[in-house]
Amino acid sequence: MDSQSGWVRKVIAWWQNPTLSQEMDTTLTQAEQAYQHTLVRILTAATIVITPFIGLGYLGAYFFVVRSWSTLLLAFGLFSLTPVSWFGLSLSRRGRITQAVRLYLLFLLIVSGMLTALLPDPLVLIGMLVSTFGALVSFFLEPRRIAVRWLVIGASIYVAALVIRQVFHIPPVELGVIATVFLYVAPVSLFVVIALLANSTIQYLRSALWESETLRSRAEESYKQARQATAVAIEANRLKSEFLSMMSHELRTPLHAIIGFSGVMLGGMGGQLDDDATHMTERINSNSLHLLDLINNVLDLAKVEAKQFEAENAPYSPADLIKSQFERMQSLTQDKRFDFHCEIDPELPSMLIGDKDIVQRIITNLLSNAFKFTETGSVKLKASVNSDRSKWLLSVTDTGIGIPAHATEYIFDPFRQVDGSSSRRFGGTGLGLAIVKELLAEIHGSIKVDSTEGKGSTFTVEMPLIVSTESDRLEARPR
Amino acid sequence: MIDESTVKEWHVLVVDDEPDSLEIVTRILKYHGAAVDTASNGKSALEMLSTLTPTFIIMDLSMPGMDGWEMLFSIKNLPTMKDVPVVALTAHAMKGDRERAVGAGFHHYLTKPLNPISFFDDLLALFVKQDDNPLANPAKGDT
């Protein structure tokens, strides 16, 4: 019934005014068809089962109550509804629902016409006429034009029946009012109730479908917005990193000139300097080196954040690396008043697989951090292996100013120090620990800090322990 | 002990687009007695190489126009230049650049900013002949 999906569309358009998607339309049409199909099957099946009993009732009445030919005729009229219903059922199974329904209704009208002609009570007949028509237009959702045609057909049959009754003086079938109502009105009423139920079900289905469609489109829209926002954020982050990386490069070029020239002057390569000039040149040189360090840190962080940093997995000797870093950093402690030790657990395997550069940066950053905040006492770099040999640990313990408990949450955030005054007193960008944390994320490591304010801090880094085998070592040999 | 006297026999070509960088390298080399020629781009360096055979070449990797990588290719294609070592000098040391540079045929790889003292020490280690000098086994195993 193509006209019906059009009708449904109109109702929904009037009702909620949504724009139905093609998909929903299809679903709704399928639901409509399923509903009609089921309804037709119920009706025809009920007719197939019930009408023979009613027919038998009349047959019984013919034999035991009123032995008139009209009762017999009515009984066979009712029996005939069964094969007609059967045929309607098979039609509907083949998908020809409309034809099945029309055939069924036509026959129903003819039988009720027979009843009109044969039964004594006109009130019952009018009720049947109305209910049949009501069922027709309400529940099969026929277009009004066709419904009117049906009304005309039905009315003609009734009128014809009445005329036949008057002209031929047919002997009435006397069954009493209650039996009449039960036998003739009940099936039709049942039909109406079923149809009403089915109709309200389909209405509910429609609204549920519409609601789910609304929700779906809303969810889709939110998803789209979220995706756009993510894309914008990613792009902004990329631009930021790009900008930082470019700026760092641009800043480093003039710095290289400053460092280079001051180095040339300090090396006496640009003529002899007197003590004063040497001192000032040294300051220029060491400050510019410090500035370069800061810029390098910014670039590092930008790279790690932009995910341009790929950890490599190559064999290296952790002890050699730690020793060389220890020696390199020792030169920075010459004019400090604290001791600097290094301790390597003999359990630490001689060769590990991992990213040497990342480990080196982590050591450098942690040590720079410790040096920055320590005046007297000691700084200790320690490497060890955990009990189940799944991780290896690097710790840097200092006797510096320590970190207040509230600050341990954010000292790993970029550009954060314990408080704003730290950067004035101790220098630094507050990037070192952030870089360590980001680098550790690249190699599946972690960092924790244990600190007492005023006493000192211990930063402990945990990294996966992957021992290098002999074959790895052979492969790693310089080609 | 490294014998610095051979430095007097060095004739070095320095190629860099940044004049400051060029001057710093020149000053260091000249201070130690080497003869230095400079070029600020690949094209003029190649022109100079048609008449000159330096002891070694120090070259910036990122230059406008012809960059260090292309330069190395062009230099190695010159018949007279086959055995002249080329040292790369660059400001942005990306991970893997060192390996890439040595793999591409650079004799050695040095980074900016250069410390005049260690820079010269590196050159001495590379180019002054002695028994256990890495020159015999250039750059490899020295990364």
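Reply: In this predicted model, α9(A) passes α10(A) in a right-handed crossing; a crossing is right-handed if the near helix is turned clockwise from the far one by less than a right angle, and left-handed if anticlockwise. Helix α9 covers residues 318–330 of chain A and helix α10 residues 356–373 of chain A, and the two pack at an angle of about 35° with their axes 10 Å apart. Axes are lines fitted to C-alpha atoms over the stretch in contact, with angles from 0 to 180 degrees between N-to-C directions. Helices (H or I, at least four residues) and strands (E, at least two) are DSSP runs, numbered from the N terminus.

From α9(A), the contact (heavy atoms within 4.5 Å) draws on A:Leu321, A:Ile322, A:Gln325, A:Arg328 and A:Met329. The residues from α10(A) are A:Lys356, A:Val359, A:Gln360, A:Ile363, A:Thr364, A:Leu367, A:Ser368 and A:Phe371. Together they divide into seven nonpolar, four polar and two charged. Here Ala, Val, Leu, Ile, Met, Phe, Trp, Tyr, Cys and Pro count as nonpolar, Asp, Glu, Lys and Arg as charged, and the others, Gly among them, as polar.

Elsewhere in chain A, A:Arg389 has a positive phi of about 55° although it is not a glycine. A:Arg389 lies in the loop between β4 (376–385) and β5 (391–398) of chain A.

Towards the partner chain, 24 residues of chain A are in contact with 18 residues of chain B. The two chains bury about 1700 Å² between them, 72% of it on carbon and sulfur atoms; buried area is the accessible area (1.4 Å probe) that two parts lose on being put together, summed over both. A:His256, A:Phe261 and A:Met269 supply 36% of the area that chain A buries against chain B, more than any other three residues. The count of salt bridges between chain A and chain B is zero, a salt bridge being a side-chain nitrogen of Lys or Arg within 4 Å of a carboxyl oxygen of Asp or Glu.

As to confidence, the model scores ipTM 0.81 and pTM 0.50.

Residues are numbered from 1 along each chain as its sequence is written, with chains lettered from A and ligands numbered from 1 in the order in which they are written. Local features need pLDDT of at least 70, side-chain atom pairs count only at pLDDT 80 or more, and totals for chains, interfaces and linings use all residues, while side-chain values use heavy atoms, with hydrogens and water left out.
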